[in-house]
Amino acid sequence: MENITGFPVTDKNYLKSRLFLVDEMRDLARKCSFIIESPRRFGKTSVIKEFIRQENAKDEKSKEFNILFFELEGEETVSKFCTKFFKELLNLYRIRKKIDEIGQFLGGSWNVFASRLKKIDALEVGLEIQEKTREYDFSKWKEKITPLITGLNSFDKRTVIVFDEFPDMLHNFKTKGMEPLDFKIVTDSLTGWLRSLRQVQDSECKYQFVLCGSINLRKTLEEIGISKRINDLESFVIPPIKSAEAKLLIESLAQESNIEIDPDGIQFMVSKITEGSPYYGQIMFKALKDTREKTFTSGMVKAIYDAMLRGGGHDLNHFHSRLVEYFSPLERECSNVVLKHLCHAAVPEKELYDLLLYDRCNYEEYQRVVNRLIYEGYLVRDIHNKSNLKFVSPMLKDWWAYKAGVK
Ligand SMILES: Nc1ncnc2c1ncn2[C@@H]1O[C@H](COP(=O)(O)OP(=O)(O)O)[C@@H](O)[C@H]1O
Ligand SMILES: [Mg+2]
């Protein structure tokens, strides 16, 4: 498998021990809508992309799903989101030879358009769609898109509609110019509409939604008081890697690059990335590869690791830059105190607050910071030890310890 740091991985680059996740995702997609939940860089987009790849690799008869995948990170307005959604739905109707039906859903004025769409590529009519829908507001969009979605029940195959980076899009609504009130209204009506589409589903329903993204959707909606909009969704969790997986990852990467690492060196790497995401293994391996050496003793591995953490390359710095982006100055101050303390030892959540933070922020603010640090992939509540707060992986802990001057 190739060494990939950051982009979604599929096929032979997908760690074999994790393929069961793709099977689990397929099983879920047969029966319900769900949210893919895990911290950032744990492999959410990868599991979706590998699921799509496996589906596309089948011959037409064995294919089970139509899959619509939307990458929403850059979407800044509801109407752009709806336009994209609408176009892809029309395209699916075209591909599945159902385009003649859209007149009945969209109104007679779309009939001529539908017959043209049959003959030419969907992309070519993009401008025409834009023109025809220019005046649409959100309720008009709902009126047009809703029947196209319920109409999916007449298709032979199930349809899976994936919104990747969905909460990032909501975040854009908030930061790219809308008033806070507007943000709440827009988010409420958008998530409310999507929920109503799920509610009409019965056992015969042939479409499901999958939501995921790098900002915690549950917390985002909780904060504006509308978490009920998604409480019907099943949760699909991408777990951290176990030590056997960490070993497999390092060995598979080493094999592909003809690199030899002595057993102690491998053990050292495994100890640093276990319980984290495969991403940490990938960036650690990349640091080795970047030296252009081909054989590594454990001493070299340790020295390279040390230099990587002290140097803080791009792959680690992006962890930090997100905190700067998403935290207010007060929250950042709290997070620095929390992280620094956890470099020394894991501690119970409440104790940490009482000890160090009670005079800086209220408990709610503290919890928001902790939850964000969990979602950003820094911390976890240790299920094996009284729910203590601790760093997700030793690697991040070491990195932060250097940064905060603890080491
Ligand atoms: N199954 C996997 N096998 C190997 N590497 C993986 C796997 N899942 C994630 N990774 C590593 O993590 C990085 C981020 O994966 P991605 O799917 O984009 O995460 P997310 O969508 O959760 O942020 C990848 O570039 C890769 O380095
Ligand atoms: Mg992703």
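In the structure, Leu170, Phe173 and Lys174 of helix α8 meet Phe183, Val186 and Thr187 of helix α9, a contact being counted where two C-beta atoms, placed from the backbone, lie within 7 Å. The model is a predicted one, in which local features need pLDDT of at least 70 and side-chain atom pairs count only at pLDDT 80 or more, whereas totals for chains, interfaces and linings use all residues. Residues are numbered from 1 along each chain as its sequence is written, and chains are lettered from A and ligands numbered from 1 in the order in which they are written. Helices (H or I, at least four residues) and strands (E, at least two) are DSSP runs, numbered from the N terminus.

Two packed helices are described by the angle between their axes and the distance between the axes. The axes of α8 (residues 166-175) and α9 (residues 180-199) come within 8 Å and cross at roughly 150 degrees, which makes α8 roughly antiparallel to α9. Here axes are lines fitted to C-alpha atoms, for helices over the stretch in contact, with angles running from 0 to 180 degrees between N-to-C directions; angles under 35 degrees count as roughly parallel, over 145 as roughly antiparallel, 65 to 115 as roughly perpendicular and the rest as oblique. The crossing of α8 and α9 is right-handed, a crossing being left-handed if the near helix is turned anticlockwise from the far one by less than a right angle, and right-handed if clockwise.

The crossing of α16 and α17 is right-handed, and the contact is made by Cys334, Val337, Val338 and His341 of α16 with Leu352, Leu356 and Leu357 of α17.

The largest nonpolar core has 46 residues, those with the most contacts inside it being Ile35, Val162, Phe166 and Leu211. Such a core is a set of buried Ala, Val, Leu, Ile, Met, Phe, Trp, Tyr and Cys residues joined through C-beta atoms within 7 Å, where a residue is buried if 20 or more other C-beta atoms lie within 10 Å of its own, exposed if 12 or fewer, and partly exposed in between. Helix α3 (residues 78-95) gives the most to this core, with 7 residues. Neighbours within four places in sequence left aside, Val162 is in contact with Ile48, Ile67, Leu68, Phe69, Phe70 and Val210. Apart from this core lies another, of 43 residues, among them Ala246, Val270, Val380 and Val392.

Val270 also belongs to the buried residues of helix α12 (residues 263-273), together with Gly265, Met269, Lys272 and Ile273. These residues cover an arc of only 165 degrees around the axis, which puts them on the same side of α12; the arc is that of the directions from the helix axis to the C-beta atoms. The buried residues of α12 pack against α11 (243-256), β6 (260-261), α13 (278-289), β7 (295-296), α14 (298-311) and α19 (394-403). After α12 comes Glu275, with a positive phi near 75 degrees.

Most residues other than glycine have a negative phi. Glu165, although not a glycine, has a positive phi of about 60 degrees; Glu165 is found in the loop between β3 (158-164) and α8 and counts as buried, with 22 C-beta neighbours inside 10 Å. Asp11 also has a positive phi, near 55 degrees, and lies in the segment before α1 (19-31), where Asp11 is exposed, with 12 other C-beta atoms within 10 Å.

Phe105, placed in helix α4 (residues 102-106), counts as partly exposed with 19 C-beta neighbours inside 10 Å. Beyond neighbours within four places in sequence, Phe105 is in contact with Pro147, Leu148 and Gly151.
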